[in-house]
Every structure is written in structure tokens, then in C-alpha cells.
Amino acid sequence: MVDVGVLIVGAGPAGLATAACLTQCSIPYVIVERESCSASLWRNRAYDRLKLHLAKEFCELPHMSYPADAPTYIPKNLFVKYLDDYIECFNIQPKYLTSVESSTYDDDRKCWSIVARDMAECTTMNFIAKFLVVASGENSAENIPVIPGLEDFPGQAIHSSRYKSGKSFSGKSVLVIGSGNSGMEIAYDLATHGANTWIVIRSPIHVMTKELIRLGMTLAHHVPLNLVDNLLVMAAKSRFGDLSRHGITMPKMGPMILKSKTGRSAVIDVGTVRLIEKGNIQSGESMLNDNGLPTKEYPNHWKGENGLYCAGLARRGLASIAADAKNIADDIKSVIGSVSG
């Protein structure tokens, strides 16, 4: 039984930052990590072209700045070096290959009882801690949806955490499912490496430039979020135009409020939108959401891709049904005319 004041679970950026802050307060701690290294997500499960999407002033860990000559948007390898320097600076010594299996709070003794496994020695370790800090990471586990028939798919199916580069996919047809920052950047990387690329866009997303997000995060310290959001949305519309024709719609909440309330980030465009507009990346959006209603906003809701339409689902009564029917008929007539002509 090892009696520690504080036990930190996870040696990613959050765990390392907590360790450094405790050191500054002269509070002893033990930090455990189930992987064989710190920040394993950044070292082993991040694609090659990855950069931090936020400006460096928003991505520093406590008590240590980036080097003065560091670029505004830090590439993956430089961020990993920064973490290594951080570990050395604060003399952080994680116990690697140590996986926490259970934790129980003892009301009588007012402490935590933690059972961990030393994966190298195949032994059990028991800790008693007054304080327990869970810093295992919000993106530490792969989330692969159950897709009927995937087990019979003859091609390669990988999670984004296993993706490195589009080089090996040149000339191949690739479908990216998910249009968050990783999905959109991976689609861009695939297309620029010569892959025939499709991306499924189901949920509404805010598409921003990194400069707009930097501006928004700076203004958020001085201006109410709703005003910041109004500015960002207007600027994004001016920059990108109406993206709904490509299946990209905006959420009802602004980007800053959406992030603060739900944790969902805006998508930082790295050039993906331009490739979608040029047809280098095909956006295969789902036409209906989980509630069976159009994903596109009115009045662009009625038309999907590959001859797919929906009528009477705009929740705007008979007038909308009539408009849908006319639009669909006219569009089909136009397609037939272009083929026969």
C-alpha cells in the first residue's frame, strides 16, 4: 500500500500541467500513465500534418511559455518537444505502464483507495490518496460506430487515430466519416495526395479560419460571447459564402457559445472547403438527421445527392410541400433534359 497525497491519472498535457502546478505549490504527488510514454496521443496517434488549431498564446501550459521563435500555430513535433522540455523543467517522473483499474472513496477515512496494475511486471499496486486527479484525456478512446456490413468490407477501415498520411492512399477511393477538425483535415490530406475522396457531413458545423478563431478568443475576454459570435458568423459568411449547397449548414448557436455549452469546436478550414467547391472532395452528406428531418436548412432542404430528394419535411405546412414538389419536379426535368440533350 503506497500512501500518496495526490494521485494524478494520465501523463498527457492535462496531467503534466497539474503536476507542474502542484510542484510550484510544493505539494507532493504521484503521476501514473498506462502507456509507455507521456502524451501518447500526440506521439503515436496523430497524423503527420497536424498543427495546433489555436494560436500558441492559447495553448501554453502553466509556468512555461513557448520559445520566442516558435511559430504562431505549433506543429505536432514541436508541441511534443515542448512537452518533453516541460517534463524536464518540472522534474515530472510518471510511472509508465501503470493502469488504474478501480478507485473507491472511503467516507470514514476521507481518502481514495486506488488499485492499479503494473503492466510491465504484471503485478497489482495499491495507492491511498487524499486527492485523486483524473487526467486521462477527453480523446483517449477510439469511438467507432457500429456499421452493419463493415466486417465484410474488403477494403481498409481505420480510425482517425491510426491515420498518418495520405501518401499510401494515392489513386484509391476513400470515404471519411465525420466532419470535425480531424475529418476535414484528413479529407484535405487525402485529396492533396491524389486519393478520390468523399466526406460524410451529417451535423451542422461552423467553418472558420484560424485567424477568425484567434480573433474570437481574444475578443471573448472583453466582449459578451453573443456579440463575438455575431461577428464571427458574419465574417465566416463573407469569407466562405453559402456552403449549404455542399451540405454544410451552420448550427443555431454561435461558435463560441456552442463550444462553451457543448464542447463542440468550430472546424478550422485548412483548404478543405476550396477542394469541396472544386469537386476534388465530394461531400456525401446524410439527407436526414436522426429525427428523420432534413439536415440542410430551409429552403435548401429538399435536394440531396445522386438523385435523392425529400418533400414535405420542412415543417412549414402545405405551402412548403407545394414548393418542394415543384422544386423536385423542375430539378428532375432539368437533369433529364441535360442527359437527353
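This is a short tour of a predicted model, stop by stop.

Residues are numbered from 1 along each chain as its sequence is written. Because the model is predicted, local features need pLDDT of at least 70 and side-chain atom pairs count only at pLDDT 80 or more, while totals for chains, interfaces and linings use all residues, and side-chain values use heavy atoms, with hydrogens and water left out.

**Stop 1: two helices**

Select α1, residues 13-24. Helices here are DSSP runs of H or I with at least four residues, strands are runs of E with at least two, and both are numbered from the N terminus. The axes of α1 and α3 come within 11 Å and cross at roughly 30°. Axes are lines fitted to C-alpha atoms, for helices over the stretch in contact, with angles from 0 to 180 degrees between N-to-C directions. The two helices are therefore roughly parallel, a term for angles under 35 degrees.

Now show the side chains. Pro13, Leu16, Ala17 and Ala20 in α1 meet Phe79, Leu83, Tyr86 and Ile87 in α3. Contact means heavy atoms within 4.5 Å. The residues of this contact divide into eight nonpolar, no polar and no charged. Nonpolar covers Ala, Val, Leu, Ile, Met, Phe, Trp, Tyr, Cys and Pro; charged covers Asp, Glu, Lys and Arg; the others, Gly among them, are polar.

**Stop 2**

Move on to the loop between α3 and β3, and pick Asn91. Asn91 is exposed, at 53% relative accessibility. Exposed means over 50% relative accessible area, buried under 20%, and partly exposed in between (1.4 Å probe, protein chains only). Phi of Asn91 is near 50°, a positive value in a residue other than glycine. Most residues other than glycine have a negative phi.

Pro94 is buried, at 13%. Beyond residues up to four places away in sequence, Pro94 touches Ala11 and Ile31.

**Stop 3: Ala39**

Jump to the loop between β2 (30-32) and α2 (40-44), where Ala39 sits. Its phi is near 50°, again positive. Ala39 is buried, at 4% relative accessibility.

**Stop 4: Glu185**

Finish in helix α4, residues 181-192, at Glu185. Is Glu185 buried or exposed? Glu185 is buried, with a relative accessible area of 4%. Select Arg49 too: a polar contact of 3.0 Å joins the two side chains. A polar contact is a pair of N or O atoms within 3.5 Å; within protein, one must be able to donate a hydrogen and the other to accept it, and residues adjacent in sequence count only if both atoms are side-chain atoms.

Conventions. Angles under 35 degrees count as roughly parallel, over 145 as roughly antiparallel, 65 to 115 as roughly perpendicular and the rest as oblique.
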